[in-house]
Number of protein chains: 2
Amino acid sequence: MVAARTRTSADDTPHRPRGRPRKSADDVDGGARRRELMEHAARLFLVKGYAATTTRDIAAAMGMHSGSPFYYFKSKSALLYAVMREGMELAAARQQQVLQALAPGTDARECLRVLIRQHFEILLGPHSGFIPVMLYEWRSLTAAQRRGVSSIKDAYEAQWMPALQALARAGLLQAEPAVARLYIFGALNWTVQWFSRKGPYSLDELTEQALRLFVCAP
Amino acid sequence: MVAARTRTSADDTPHRPRGRPRKSADDVDGGARRRELMEHAARLFLVKGYAATTTRDIAAAMGMHSGSPFYYFKSKSALLYAVMREGMELAAARQQQVLQALAPGTDARECLRVLIRQHFEILLGPHSGFIPVMLYEWRSLTAAQRRGVSSIKDAYEAQWMPALQALARAGLLQAEPAVARLYIFGALNWTVQWFSRKGPYSLDELTEQALRLFVCAP
DNA sequence: CCTACCGATCGGTAGG
DNA sequence: CCTACCGATCGGTAGG
């Protein structure tokens, strides 16, 4: 049994707001409840894996009953997709912002530093969670869902290439930029497996170490 | 229905060998059937994930009936553990071999090359499969199982440190060896996500590119 | 969102 | 290894 939730209205009107009925649950409450559901789901997907997480686990984490998540998402699969899709959209938007905030003519090494630091924020920062799920649950998506996330993901990754190519031309990056990009993303993405906020390194320090590993001293 | 398996003996003796009964199924057939089961399971675990793979999927891949895998492994979880454990034992043994085969006084860069090349063989080579499962299904193990695999895994990873420390002393590795090791394993392990034997790079070429990315030109 | 429920599936087992 | 089976669980839904 689940503890009864406090009624927000003291009278005996029904729970649903009056007026014309909503077409979907997307924007009830500005979508805040929906997002809360995604955050709990993402945390569980990361710890236990998507397939091993039940919709009942998610409902319980929300203090809901077992059928209620389906009021917000039409299926468990749609919930996973929403987590990845919105996670990737946010990551791409943030990356766009930091790149545009760079002074014109910023050198490639500094540009890569900013990209790495921002990537760590997305992966390991206080409001992270969606992208790590994407990295480790890719196989749980249907083919159509993968296409939907790939388009954003490809654009995100492509934005790293100019900096890598410039470093290669300057002789500061010894590997081919295309392969270097794959290795670098691997190294950074893997931090999800071992990074701890209680560990010896801050995200700034990790950024510095990564830069030293991949790019020759100028 | 499942196609009947060809009888290996032409007479009408029972399938089970005569003589004293076995305590376990481990060494019937020299364990060949058991290993076959592990290989099919590993392939399915990698494609679909452990939790999404049913013991019926595995049985079907073997041409067995649904209850039969439990003749060889007492549970689905024990099967996963066997895959990871034996995979890690094999990897550690192979790594030990190639290190011992090195001529005394081999320089650190060459030593790292050999370690990377061997790691690729384990991850991506023709007889691979067990270690990739370990990398992506760690969370599906119980705490006790994790300890059992960790002991071998830690020894495997520790063998990379002397080469990294020597490179750092020589000024060819700019990052701290402990962090460099984590990044390098991340970069290499991530290849499981994108490497294809039909792609443009051979394992030798990938080894060379990795070395150039991590280690400064001598 | 809750209530009450269903059909399907899953890991595992007893006995041979 | 197969046969025949069970208890538990799971994603999802109709109706309010």
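Modeller: Start with burial: a residue is buried if 20 or more other C-beta atoms lie within 10 Å of its own, exposed if 12 or fewer, and partly exposed in between, with C-beta atoms placed from the backbone. The model is predicted, and local features need pLDDT of at least 70, side-chain atom pairs count only at pLDDT 80 or more, and totals for chains, interfaces and linings use all residues. Residues are numbered from 1 along each chain as its sequence is written, and chains are lettered from A and ligands numbered from 1 in the order in which they are written.

Biologist: Why is B:Leu79 called buried?

Modeller: B:Leu79 has 23 other C-beta atoms within 10 Å, and the cut-off is 20 or more, so B:Leu79 is buried. B:Leu79 lies in helix H4 of chain B; helices (H or I, at least four residues) and strands (E, at least two) are DSSP runs, numbered from the N terminus.

Biologist: What does B:Leu79 contact, leaving aside its neighbours within four places in sequence?

Modeller: Two residues are in contact if their C-beta atoms, placed from the backbone, lie within 7 Å. With those neighbours left aside, B:Leu79 is in contact with B:Met38, B:Ala41 and B:Phe73.

Biologist: Why is B:Leu44 called partly exposed?

Modeller: B:Leu44, in helix H1 of chain B, has 19 other C-beta atoms within 10 Å. Buried needs 20 or more and exposed needs 12 or fewer, so B:Leu44 is partly exposed. Not counting residues up to four places away in sequence, B:Leu44 touches B:Thr53, B:Asp57, B:Ile58 and B:Ala61. B:Leu44 and B:Val133 are 89 residues apart along the chain, yet their C-alpha atoms are separated by 9.5 Å.

Biologist: How many helices and strands are there in chain A?

Modeller: Chain A has eleven helices and zero strands. Of its 218 residues, 31% count as buried. Among contacts in chain A with a separation of 6 or more, 70% join residues 24 or more positions apart.

Biologist: Which residues of H11(A) are buried, and what makes them line one face?

Modeller: The buried ones are A:Leu206, A:Thr207, A:Gln209, A:Ala210, A:Leu213 and A:Phe214. Seen down the axis of H11(A), they fall within an arc of 165°, so they line one face of the helix; the arc is that of the directions from the helix axis to the C-beta atoms. A:Asp204 and A:Glu205, on the other side, are exposed. The cover over the buried residues includes helices H5 (108–124) and H9 (177–189) of chain A, together with H9 (177–189) and H11 (203–214) of chain B.

Biologist: What makes H9(A) mostly covered?

Modeller: Ten of the 13 residues of H9(A) are buried, including A:Val179, A:Leu182 and A:Phe185.

Biologist: How do you know that the two copies are related as by a two-fold rotation axis?

Modeller: Copies are superposed by least squares on the C-alpha atoms of residues with pLDDT of at least 70 in both. A rotation of 180° with 0.0 Å of shift along its axis superposes chain B on chain A, with RMSD 0.0 Å. The copies are thus related as by a two-fold rotation axis. In chain B, B:Ala187 comes closest to that axis, its C-alpha at 2.1 Å.

Biologist: Which residues are closest to DNA strand D?

Modeller: A residue is near a strand if its C-beta atom, placed from the backbone, lies within 6 Å of it. Of the 19 residues that surround DNA strand D, the closest are A:Thr54, A:Gly67, B:Gly67, B:Ser68 and B:Tyr71. The surface near DNA strand D has four nonpolar, ten polar and five charged residues.

Definitions and conventions:
Ala, Val, Leu, Ile, Met, Phe, Trp, Tyr, Cys and Pro count as nonpolar, Asp, Glu, Lys and Arg as charged, and the others, Gly among them, as polar.
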